[in-house]
Amino acid sequence: MRTLVATLAFLAATLSEAGAQAPLYFPAENYGQPNKSFTESSANQQLEVLMSRTDVFEPVFELESADPFRRIGRAVGMLDLLVRLPNGLMTNTTCTATLIGPNRAITNYHCVPGNEFTVLGAQLRMGFLDRARAPGQPFNVRLPAIEANRALDYAIVEVSGVPVNRYPPLRLAAVQARARQSLYLIHHPAGQPQRLTRVRCQIGEPPFQDGRLVHHCDTLGGSSGALVLAIESNRFVGLHHAGVPDPVRPYNLAIPAPNLARTSVELGRLSRVSSVAMPSPQTRPPFFPQIASAHRPAQVTPVSSSTDPARAFAEAARMRRPVAERIFRDRLANGETCEFCPHMVALPAGTFLMGSPPSEAGRAEDEGPQRRVSIRQFAVSETEVTFDQWAACVNRGGCSGYQPPDYGWGGLSRPVIEVSWNDAQEYVRWLSRDTGRSYRLLSEAEWEYAARAGQTTAYSSGVSISPSQANYGGELGRTQPAASYAANQFGLHDMNGNVWEWVEDCHADSYAGLPTNGSALHTSNCAERVYRGGSWIDPPELLRSALRYRYAPTFRRYYLGFRVARTLN
């Protein structure tokens with residue numbers, strides 16, 4: 001009976017898209033093993049023929065190690081399932097799942113918890129690129145799913161112990177698909193080593209059918225749960241889940257990504273619904289594992305508690321003196337030394353061109369139109385607020401006692417993460433109260449002025465940025481201690497990369513008509529706040545000085561922090 005089930009299931013899946021959603025069943029003893037095989041030899045022969053079509057199913061293992069598709073594939077795993085069928089037979093089947101956060105993966109509902117079977121056990125095999133040379137590593141999937149929706153056929157599961165430095169999760173940006181848009185899938189068809197499908201892989205015309213996304217990308221059983229990605233931008237277009245055996249031209253169906261981002265609590269925290277294309281990541285040189293700590297001035301002057309305490313530093317900024325003469329740290333309101341207060345750098349007043357030119361690679365529509373903005377003198381923290389600075393807030397009765405997780409990376413001098421815009425507001429209120437000074441978040445204009453540090457290029461480092469200048473791309477697998485990289489021309493560290501930084505402003509889709517005096521934008525119906533700068537897990541294009549992201553003020557994530565500003569009188 002087991003042989004019959006396996007053979008019939010295999011024959012239901014063909015190279016056409018018709019059988020994309022049909023599960024393939026293997027002997028139960030195949031569960032937990034990288035090599036899947038049918039007991040029927042003819043089925044194995046058919047499988048070998050199909051998988052030999054490398055023009056359709058490109059082996060990811062044969063791509064160069066620096067190839068962007070191979071890097072993205074590090075987040076994709078084979079979901080290995082031990083299941084019981086309605087007739088009581090125990091068997092093995094597979095799907096595809098993708099890491100979207102630390103210990104979080106997305107797949108189809110019909111895989112977990114399952115429509116046609118009961119899931120008894122589940123593993124996510126990461127790094128499965130070749131049966132012999134790269135069999136990958138299995139990680140246990142906790143059941144039941146954290147979140148599951150049968151109508152939209154998605155599930156988000158918890159995966160135990162996946163090292164993010166080896167298998168960095170994807171940071172998804174959801175985008176609405178358009179007809180005939182070129183796509184790609186990285187998946188595990190028929191439970192085989194990872195494959196890339198991009199040949200003749202595109203959105204249908206029309207692109208939607210009954211609320212589902214139509215795509216023409218070759219798949220097999222086992223491809224269920226694969227992300228459908230736009231090839232020109234790597235944006236998240238949909239979640240593959242079914243096939244239609246049309247007699248003229250078979251096609252596949254996917255759940256549109258914006259629908260998932262709006263519906264899923266977990267995925268919604270990771271995705272941003274947008275119609276703006278993001279450029280594909282470029283191949284970059286290997287990350288240097290050793291990063292020299294940036295030089296910090298030996299003497300940082302604590303500001304006295306007298307009237308106008310930062311006058312000398314503001315004057316030093318006005319005269320554009322060396323950074324060492326512009327760094328200070330406030331005392332507490334009672335005059336005591338404040339060891340936990342952030343080091344502040346006084347910045348000079350000035351004007352700059354905010355936004356990006358239409359010619360800048362990766363430019364989004366909300367980065368313009370460019371306009372000249374005037375900035376008053378102010379001070380900004382030399383680094384992002386760190387875990388130990390946040391802990392001081394909690395220990396002194398502030399920040400609502402909230403203790404954000406550090407994911408075992410070791411907090412202390414690393415930038416605090418998993419903090420929302422509302423959390424950041426609590427921190428600046430507490431710091432203002434304890435020092436008697438006016439602390440706040442930077443306005444969006446102040447942030448870009450500070451990040452550019454007098455430069456007009458995409459990055460303060462020039463037209464490009466390198467791994468020796470910032471933490472990005474996921475290679476290190478986590479945030480790095482504050483000031484691990486050299487400061488920009490204003491003396492500020494990590495304005496690009498490490499963690500995204502909340503700013504004060506409400507988001508606007510355009511700069512047209514907005515104030516040019518450097519103040520923050522506040523609206524009566526502010527549903528989304530802006531964050532800037534890119535993070536340790538993002539491609540370099542998201543580190544550009546002009547790039548803007550936004551989300552609800554309650555949004556917390558493992559790549560999101562903030563830095564503070566201080567008003568200078």
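A residue is called buried here when its relative accessible area is under 20%, exposed when that area is over 50%, and partly exposed in between, with a 1.4 Å probe and protein chains only. Helices (H or I, at least four residues) and strands (E, at least two) are DSSP runs, numbered from the N terminus. Because nine of the nine residues of α10 (residues 444-452) are buried, the helix is largely enclosed by the rest of the structure. Just after α10, Ala-453 takes a positive phi of about 50°.

The model is a predicted one, in which local features need pLDDT of at least 70 and side-chain atom pairs count only at pLDDT 80 or more, while totals for chains, interfaces and linings use all residues. Residues are numbered from 1 along each chain as its sequence is written, and side-chain values use heavy atoms, with hydrogens and water left out.

Seen as a whole, the chain has a secondary structure of 10 helices and 26 strands, and 62% of its 569 residues count as buried. The chain exposes about 21,500 Å², of which carbon and sulfur atoms supply 50%; such accessible areas come from the Shrake-Rupley method with a 1.4 Å probe, and for residues only the protein chains shown count as cover. If contact is taken to mean heavy atoms within 4.5 Å, then among contacts between residues at least 6 apart in sequence, 72% join residues at least 24 apart.

The interior can be described through its nonpolar cores, each a set of buried Ala, Val, Leu, Ile, Met, Phe, Trp, Tyr and Cys residues joined through side-chain atoms within 4.5 Å. The largest of these cores has 53 residues, and the members that touch the most others are Leu-79, Leu-81, Leu-124 and Phe-236. Strand β7 (residues 154-159) gives this core its largest share, five residues. Apart from this core lies another, of 47 residues, which includes Ala-346, Ala-392, Val-394 and Tyr-558. Returning to Leu-124, and leaving aside its neighbours within four places in sequence, one finds it in contact with residues including Gly-77, Met-78, Leu-79, Ala-97, Leu-99, Phe-139 and Val-159.

The structure also holds five disulfides, each counted as a pair of cysteine sulfur atoms within 2.5 Å. With bonded cysteines counted along the chain, they follow the pattern 1-2, 3-4, 5-6, 7-8, 9-10.

One of them joins Cys-95 and Cys-111, whose sulfur atoms are 2.0 Å apart, and with -90° about the S-S bond this link is left-handed. Cys-95 lies in strand β3 (residues 90-101) and Cys-111 in helix α4 (residues 110-114), so the pair ties together parts that are 16 residues apart in sequence. Both Cys-95 and Cys-111 are buried.

Another disulfide links Cys-201 to Cys-217, with 2.0 Å between the sulfur atoms, and this link is right-handed, with 85° about the S-S bond. Since Cys-201 lies in the loop between β9 (195-197) and β10 (202-209) and Cys-217 in the loop between β11 (212-216) and β12 (227-230), the pair ties together parts that are 16 residues apart in sequence. Cys-201 and Cys-217 are buried.

Cys-338 and Cys-341 likewise form a disulfide, their sulfur atoms 2.0 Å apart, and the link is right-handed with 85° about the S-S bond. Cys-338 counts as buried because its relative accessibility is 1%, and Cys-341 counts as buried at 1% relative accessibility.
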